[in-house]
Amino acid sequence: MSTDVILHAEGVSKRFQNFVALDNVSVSFPRSRLTAVIGPNGAGKSTFFNVISGAFPPSGGRIVYDGADITGQPQHRFAHLGIAKSFQITNVFPQLTARENVRIAVQAMHTRYQMFRRREAFSELVDKADELLRTVHLLPHARRAAETLAHGQQRALEIAIALACRPRLLLLDEPTAGMSPEETREMMDLIVRLAEERTVVLVEHKMKLVMGISDHLVVLHQGQVLAEGAPDEIRANEEVKRVYLGRERTHAASREP
Ligand SMILES: Nc1ncnc2c1ncn2[C@@H]1O[C@H](COP(=O)(O)OP(=O)(O)OP(=O)(O)O)[C@@H](O)[C@H]1O
Ligand SMILES: [Mg+2]
């Protein structure tokens, strides 16, 4: 296979006590492409996301990034390697402004920055933060406390924070969770724009949402890879239809009261 691979999960498994959440999962993520990892509720998507983003180590298998084994590397190493992520659950400093949230993330990536340096150094950080806020369309809200932003805006803020390490690989876990249809559309537009400049891996349980925008899809089911391929292949896959779509109805019913 000649496809250029940025990240490769090789025989990854994850056990929680006796429960096997991931069972020998091997997936290659093509560089400069948008790959969606889909699957029904409880398929193991977030567990897989946590393993490939370095939040916790796998029970078995390897994570290979740009040809180097990074399994078990501490979380901060992932950011320095150019891997950034945004979780399924919102994760910002609520009382700080949008600008401060991003500025802190930018600052954390500048290890040589000193608090006592010239005034310009600080304004440089703020400029970088503002540039990232502009990317996610939050610049007009820069001075608002994060907690006062709408849910969709908070998720966009998290993405700006994730972009602070100038990632070559951006990992997103259900970025549209809990969003209105309008917020969802905006977020999907943003993801498509971000994918023009870097590799994006998007974890999502709503298959329809990602079909139109993904270059490549991976379907997880009960901790295993059920199918992998281009959107048309996945759409036509009988096993995916049977297993995933059958579960999708149950899932939708269980989530929407
Ligand atoms: N820390 C944990 N301890 C024990 N079991 C866990 C833990 N985390 C996940 N699991 C189990 O592993 C399975 C996969 O969970 P996971 O969160 O990865 O699924 P998911 O595909 O992300 O689902 P969702 O669509 O609801 O986000 C589930 O059965 C879950 O209960
Ligand atoms: Mg999940």
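The legends below describe close-up views of a predicted model.

**Figure 1. Helices α3 and α5 pass each other in a right-handed crossing.** This view of the predicted model shows helix α3, residues 98–109, beside helix α5, residues 151–163. Their axes come within 8 Å and cross at roughly 25°. This angle is under 35 degrees, and α3 and α5 are therefore roughly parallel to each other. On the α3 side, the residues that meet α5 are Ala-98, Asn-101, Val-102 and Ala-105. On the α5 side, Leu-157, Ala-160 and Ile-161 meet α3. By class, the residues of this contact comprise 6 nonpolar, 1 polar and no charged.

**Figure 2. Helix α5 also packs with helix α6.** The axes of α5 and α6 come within 10 Å, and they cross at roughly 15°. These two helices are therefore roughly parallel to each other, and the crossing of α5 with α6 is right-handed. From α5, the contact involves His-151, Gly-152, Arg-155, Ala-156 and Ile-159. From α6, it involves Glu-183, Glu-186, Met-187 and Leu-190. The contact of α5 with α6 contains 4 nonpolar, 2 polar and 3 charged residues.

**Figure 3. Six strands form an open sheet with mixed pairing.** Across the sheet, the strands follow the order β6-β7-β8-β3-β9-β10. Strands β6 (83–86) and β10 (224–229) stand at the edges and have a single partner strand each, so one side of each is left without a neighbour in the sheet. From one strand to the next, the twist averages 15°. Strand β6 and strand β7, residues 169–173, run parallel and are joined by 4 bridges. Within this pair, Ala-84 has Leu-170 in β7 as its bridge partner.

**Figure 4. Helices α1 and α6 lie against strands of the sheet.** Helix α1, residues 45–52, lies across β3, β7, β8 (199–203) and β9 (216–221). The direction of α1 is at about 150° to β7. Helix α6, residues 181–195, packs on the sheet and touches β3, β7 and β8. The direction of α6 makes about 150° with that of β8.

**Figure 5. Four strands form an open antiparallel sheet.** The order of the strands is β2-β1-β4-β5. The edge strands, β2 (19–30) and β5 (68–69), each pair on one side only. Strand β1, residues 5–16, pairs with strand β4, residues 60–65, through 5 bridges, and the two run antiparallel. In this pairing, Ser-13 is found opposite Gly-60 in β4.

**Figure 6. Strands β1 and β2 form a hairpin.** Between the two strands there are 2 residues. In this hairpin, Gln-17 takes a positive phi near 50°. The antiparallel pairing of β1 and β2 extends over 8 bridges. Lys-14 stands opposite Leu-22 in β2, and Ala-9 has Val-27 in β2 as its bridge partner.

Figure 7. The mean pLDDT of the protein is 89, and 88% of the residues score at least 70. Over residues 250–257, pLDDT stays under 50. For residues 250–257, the model has 3 contacts beyond four places in sequence. Where pLDDT is low, the predicted coordinates should not be read in detail.

Notes: Residues are numbered from 1 along each chain as its sequence is written. Chains are lettered from A and ligands numbered from 1 in the order in which they are written. This is a predicted model: local features need pLDDT of at least 70, side-chain atom pairs count only at pLDDT 80 or more; totals for chains, interfaces and linings use all residues. Two strands pair if DSSP finds at least two bridges between them. Axes are lines fitted to C-alpha atoms, for helices over the stretch in contact, and angles run from 0 to 180 degrees between N-to-C directions. Angles under 35 degrees count as roughly parallel, over 145 as roughly antiparallel, 65 to 115 as roughly perpendicular and the rest as oblique. A crossing is left-handed if the near helix is turned anticlockwise from the far one by less than a right angle, and right-handed if clockwise. Two residues are in contact if their C-beta atoms, placed from the backbone, lie within 7 Å. Ala, Val, Leu, Ile, Met, Phe, Trp, Tyr, Cys and Pro count as nonpolar, Asp, Glu, Lys and Arg as charged, and the others, Gly among them, as polar. pLDDT is the predictor's confidence in each residue, from 0 to 100.
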